[in-house]
Amino acid sequence: MTLSAAELAAAFTARFGTEPAGVWSAPGRVNLIGEHTDYNDGFVLPFAIDRSTLVAARPRTDSTVRVASTFSEGDVVTADLNGLAAGDVEGWAAYPVGVLWALGRSGHAVPGMDLLVDSSVPVGAGLSSSAALECAVAAAANDLASAGLSRSQLASIGRLAENEMVGAPTGIMDQTASLLGEVGHAVFLDCRSLETMLVPLDLDGAGLTLLVMDTRVSHSHSTGGYASRRASCEEGARQMGVPALRDLSVSDLGNAAGILDEETFRRVRHVVTENARVEDAVAVLTTKGPGALGPLLNQSHASMRDDFEISCPELDLAVDTAVSAGAVGARMTGGGFGGAAIALVPTEDAGTVSEAVTAAFADAGFRSPVIFSVRPDAGARRVA
Ligand code: ADP
Ligand code: MG
């Protein structure tokens, strides 16, 4: 659903019998470039998008949490923050309850709360609906408990909730984008130092549209594939004698080719060149603007397809078709083996590109993709 803040507040009152203290919003994100670099201490360049999760919240005088979502009709999940331990809450409620638990575990006393959630971030389309949910709740709790945490600290709280209460071993990119994003900007994140920097990404000004092409496929080897890529990266770093692949540069690749086996070398080459592409993308955006990003996006895709081997026929078809139909550049985004690709297209060609990709999927006998545009928008904030 996509309720306005006022509609969500009214739904909260109908559900819980009292008005909410306020409504908070946090966006999903798209990763522009920098894939599988996060766990190698490297660089990523996501941006917050104009699709977000809203949470209406009211603090309670006890330690009870009651959460409901427009996604799960009628269901109110109840938990007690007192004595709550990692893994105690299951299902979707683990995300919001986990955030309140993570705040408490990090030494920030928060009261129990009633929460009602609504979202325009599609679940599982690679736009991080999970981080949007965590960050909306984190922003609400931070304000309601006057905890005074910085946006970066709130990002860590969201990650702690996802790692420990949900049990998903994710990095901090998604929460960082959702909390620190700004209109017309991407968020550069150094995954080692956790330093961030806003980078101009004025798509409207450049006459460009960023299309998300959700293939709606999720190939079954994705979990094993992710684990084996991580293992290859660790092995590559170990054999090269560096703490992480972040510590290698493109000029080390000749040396690496003589040390590593052929497959490990290609895995390493993806990460090392992808880190360089993120740095190049920051430079290009700062000096020339988004219209000059195309080659970097295309190279990133080729590297994931050929060296890291995490693409699939649907992602390759979406990318190749978008580029043939006029995209400036395109790449798969996210963990791979399915999910979404992005294409940067001149705004006047957005319709043609979408139609071409949809037609190519039909011809190939693939499930019809879901294609929509996103633009860089503001990070988490109070909206009512
Ligand atoms: P994504 O790529 O969208 O982040 P995840 O599997 O990481 O996919 O997270 C999706 C999960 O987050 C959903 O299955 C659900 O448990 C939870 N979630 C996200 N948004 C909502 C919402 N609005 N209401 C309830 N649960 C949500
Ligand atoms: Mg997620």
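By class, the shell around ligand 1 comprises seven nonpolar, eight polar and no charged residues, where Ala, Val, Leu, Ile, Met, Phe, Trp, Tyr, Cys and Pro count as nonpolar, Asp, Glu, Lys and Arg as charged, and the others, Gly among them, as polar. The model is a predicted one, in which local features need pLDDT of at least 70 and side-chain atom pairs count only at pLDDT 80 or more, whereas totals for chains, interfaces and linings use all residues. Residues are numbered from 1 along each chain as its sequence is written, and chains are lettered from A and ligands numbered from 1 in the order in which they are written.

Ligand 1 is surrounded by 15 residues, of which Ser 69, Trp 92, Ser 119, Ser 129 and Ser 130 are the closest; a residue is near a molecule if its C-beta atom, placed from the backbone, lies within 6 Å of it. Helix H3 (129-144) and S5 each supply at least two residues of this shell, and the largest share, three residues, comes from H3. Helices (H or I, at least four residues) and strands (E, at least two) are DSSP runs, numbered from the N terminus.

Strand S5 (residues 113-119) is mostly covered, seven of its seven residues being buried, that is, having 20 or more other C-beta atoms within 10 Å of their own C-beta atom, with C-beta atoms placed from the backbone. Met 113, Leu 115, Val 117 and Ser 119 lie on one side of S5, and Asp 114, Leu 116 and Asp 118 on the other. Strand S2 (residues 43-59) runs antiparallel to S5 and is joined to it by seven bridges, with Asp 118 as the bridge partner of Leu 54. Strand S3 (residues 64-69), by contrast, runs parallel to S5 and is joined to it by five bridges, Ser 69 having Val 117 as its bridge partner.

A further group of four strands forms an open sheet in the order S9-S10-S8-S11, with antiparallel pairing; two strands pair if DSSP finds at least two bridges between them. Because strand S9 (329-333) and strand S11 (370-374) stand at the edges, each with a single partner strand, one side of each is left without a neighbour in the sheet. Five bridges join S9 to strand S10 (residues 338-346), and Ala 330 stands opposite Ala 343 in S10.

Ala 343 also touches Leu 211, Met 213, Ala 322, Ala 327 and Val 353, among others, a contact being a pair of residues whose C-beta atoms, placed from the backbone, lie within 7 Å.

Conventions
A residue is buried if 20 or more other C-beta atoms lie within 10 Å of its own, exposed if 12 or fewer, and partly exposed in between; C-beta atoms are placed from the backbone. Two residues are in contact if their C-beta atoms, placed from the backbone, lie within 7 Å. Lists of a residue's contacts leave out its neighbours within four places in sequence.
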